[in-house]
Amino acid sequence: MLELTSTAENQLTQISQVNMDMFIGDTKTGNINCQFGVNELPPSTNPLKLEPQFLSNNLANHTISNRAISNQTISNHTGAHTNSSTSANTGANKADSNQVNTDVNATETKLGGHALSSLSTLVEHIMEAMIVVDEFGNIQMANRHAVSLLLDCDKTSANSLIGQRWQSYLCEPQKSHYQQMILESRLEPRPLNHLPNETTLNMSNGQTIDVEMSVTHFPMSEPLFGIIIRDLSKYRAEYQQLYKWASTDCLTNLSNRRVFDADLKHHWKTCIEQGDPISVLIIDIDHFKTFNDNHGHVMGDRCLQKIANAIKSALPNEDCTAARYGGEEFALVMPNCNTEEVQQTAQLIQQNINALTYMDIGLDISVTVSVSQGHASEINGQFRTANALLCAADTALYRAKAEGRNRINACC
Ligand SMILES: Nc1nc2c(ncn2[C@@H]2O[C@H](COP(=O)(O)OP(=O)(O)OP(=O)(O)O)[C@@H](O)[C@H]2O)c(=O)[nH]1
């Protein structure tokens with residue numbers, strides 16, 4: 001467990017204090033009071049309205065300062081970090097280390113280094129992937145969580161990200177969007193700030209990851225943006241698993257009744273609005289109670305799975321939904337399908353099911369199963385609601401049963 005040194009603790013206190021001052025500002029004038037260092041803008045000057053000359057000079061100094069501060073902060077913590085600068089204890093690097101500390105002192109006075117070093121400490125210790133970018137999107141600070149996420153590597157130093165362009169990790173259209181927002185935030189006092197948004201990032205290994213990203217504008221003498229990135233891959237995978245469980249019939253892997261009802265409602269609305277036909281087909285296994293009684297429920301379950309596969313393989317296109325409607329009953333929503341097309345699908349289903357054998361599940365070659373089917377189609381305003389269409393298909397099925405089973409009946 002990493003312990004904060006007293007210096008780091010002081011720095012964190014300072015940044016919270018400084019940030020409060022910065023964000024609260026002068027309530028009377030509306031100006032943001034920025035009190036970072038003696039050479040910075042006077043408190044009454046809005047730090048975002050800077051002369052270009054000042055910005056570029058400041059940026060150059062600031063870049064040095066961040067690297068130096070980052071190195072200094074890291075070297076403050078003995079042994080806890082794997083960073084190239086931790087080798088500063090060896091003789092060869094001692095001179096560099098001293099030079100770094102001198103740089104820090106020089107630039108701290110100029111830029112209000114307390115706030116920057118506090119920010120650097122915050123970035124280093126926060127338990128989220130965090131980077132800080134300048135107004136051009138150049139990464140000025142990064143922590144190990146950010147390296148692990150963006151570079152997909154736990155062993156690389158946080159410095160590997162420094163100087164890279166944050167935009168290169170973004171996908172379009174977000175890339176252009178942020179580019180524009182960053183540019184605008186430089187021209188006028190409209191800080192780029194937002195709560196966590198879902199987006200997709202390009203990783204250095206060429207893969208993409210779904211993340212949640214928030215951006216916080218730090219109104220320093222030159223704008224800095226703190227970006228916190230949270231990997232959503234794990235939550236996405238969990239969500240997809242939960243969605244599958246909530247929408248699929250676990251025995252047959254077809255959609256469940258909830259999805260059927262939702263799809264019927266959705267497709268009904270779309271087809272009616274566009275003047276397209278829509279059909280419903282209901283399929284019910286004949287004498288399934290007898291099958292169960294003769295062969296047992298376990299075999300009955302295997303039979304349901306085989307019938308579901310036979311139905312699935314007869315679907316004319318991916319827009320159609322095949323669902324287990326209940327017990328031994330299945331239903332299809334078929335958008336953009338007229339009476340002829342639903343009749344053809346029903347015939348294919350009947351052929352597939354009549355051709356099934358059950359030897360693969362250990363039953364005799366003589367065992368067969370048939371289904372009865374009823375369908376109805378909305379073409380020219382026959383039905384007022386989706387439910388009326390469903391009821392008509394059910395009535396057609398009832399007649400198919402009544403007329404002897406193993407047949408297809410169309411609603412007329
Ligand atoms: N094995 C198994 N059987 C089920 C499942 N769901 C419903 N059943 C059975 O399906 C049978 C349905 O029986 P009935 O409603 O009388 O219908 P049927 O015997 O197919 O007769 P008809 O529909 O009139 O041809 C019952 O025996 C239920 O136990 C299931 O998930 N697994």
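T252 lies in the loop that runs between α7 (233-247) and α8 (257-274); helices (H or I, at least four residues) and strands (E, at least two) are DSSP runs numbered from the N terminus. The model is a predicted one, in which local features need pLDDT of at least 70 and side-chain atom pairs count only at pLDDT 80 or more, whereas totals for chains, interfaces and linings use all residues. Residue numbers start from 1 along each chain, as its sequence is written.

T252 counts as buried because 21 C-beta neighbours fall inside 10 Å. A residue is buried if 20 or more other C-beta atoms lie within 10 Å of its own, exposed if 12 or fewer, and partly exposed in between, with C-beta atoms placed from the backbone. Leaving aside neighbours within four places in sequence, T252 is in contact with L304, Q305, A308 and R324, contact being defined as C-beta atoms, placed from the backbone, that lie within 7 Å. The C-alpha atoms of T252 and K306 are 8.2 Å apart in space, and the two residues are 54 apart in sequence. N253 is found in the loop between α7 and α8 as well. Its phi is near 70°, a positive value in a residue other than glycine. With 13 C-beta neighbours inside 10 Å, N253 counts as partly exposed.

A positive phi near 70° is also computed for R405, a residue other than glycine. R405 is placed in the loop between α12 (386-402) and β10 (408-410), and its 14 C-beta neighbours inside 10 Å make it partly exposed. Helix α12 contains L389, which counts as buried, with 23 C-beta neighbours inside 10 Å. Residues up to four places away in sequence not counted, L389 touches V280, A376, E378 and F383. L389 and L264 are 125 residues apart along the chain, and their C-alpha atoms are separated by 9.8 Å.

A cis peptide bond, with omega about 5°, joins E172 and P173. P173 is located in the loop between α5 (144-150) and α6 (174-187). T200 is partly exposed, with 15 other C-beta atoms within 10 Å.

The shell around the ligand holds 16 residues, of which F288, K289, H297, G300 and G327 come nearest; a residue is near a molecule or strand if its C-beta atom, placed from the backbone, lies within 6 Å of it. The elements that contribute two or more residues to this shell are β6 (278-285), α9 (288-295) and α10 (297-312). The most residues, four, are given by α10. By residue class, the shell divides into four nonpolar, five polar and seven charged. Ala, Val, Leu, Ile, Met, Phe, Trp, Tyr, Cys and Pro count as nonpolar, Asp, Glu, Lys and Arg as charged, and the others, Gly among them, as polar.

The axes of α9 and α10 come within 7 Å and cross at roughly 130°. The arrangement of α9 relative to α10 is therefore oblique. Axes are lines fitted to C-alpha atoms, for helices over the stretch in contact, with angles from 0 to 180 degrees between N-to-C directions; angles under 35 degrees count as roughly parallel, over 145 as roughly antiparallel, 65 to 115 as roughly perpendicular and the rest as oblique. In this contact, F288, F291, N292 and H295 of α9 meet H297, M299, G300 and C303 of α10. The contact residues divide into four nonpolar, four polar and no charged.

Over the whole protein chain there are 12 helices and 10 strands. Of its 412 residues, 36% count as buried. Among contacts in the chain with a separation of 6 or more, 61% are accounted for by residues 24 or more positions apart. The mean pLDDT of the chain is 76, and 70% of its residues reach 70 or more, where pLDDT is the predictor's confidence in each residue, from 0 to 100. Over residues 1-112 pLDDT stays under 50, and the model has 143 contacts beyond four places in sequence for this stretch. The scores of the model are ipTM 0.99 and pTM 0.63.

Conventions. Contact = placed C-beta atoms within 7 Å.
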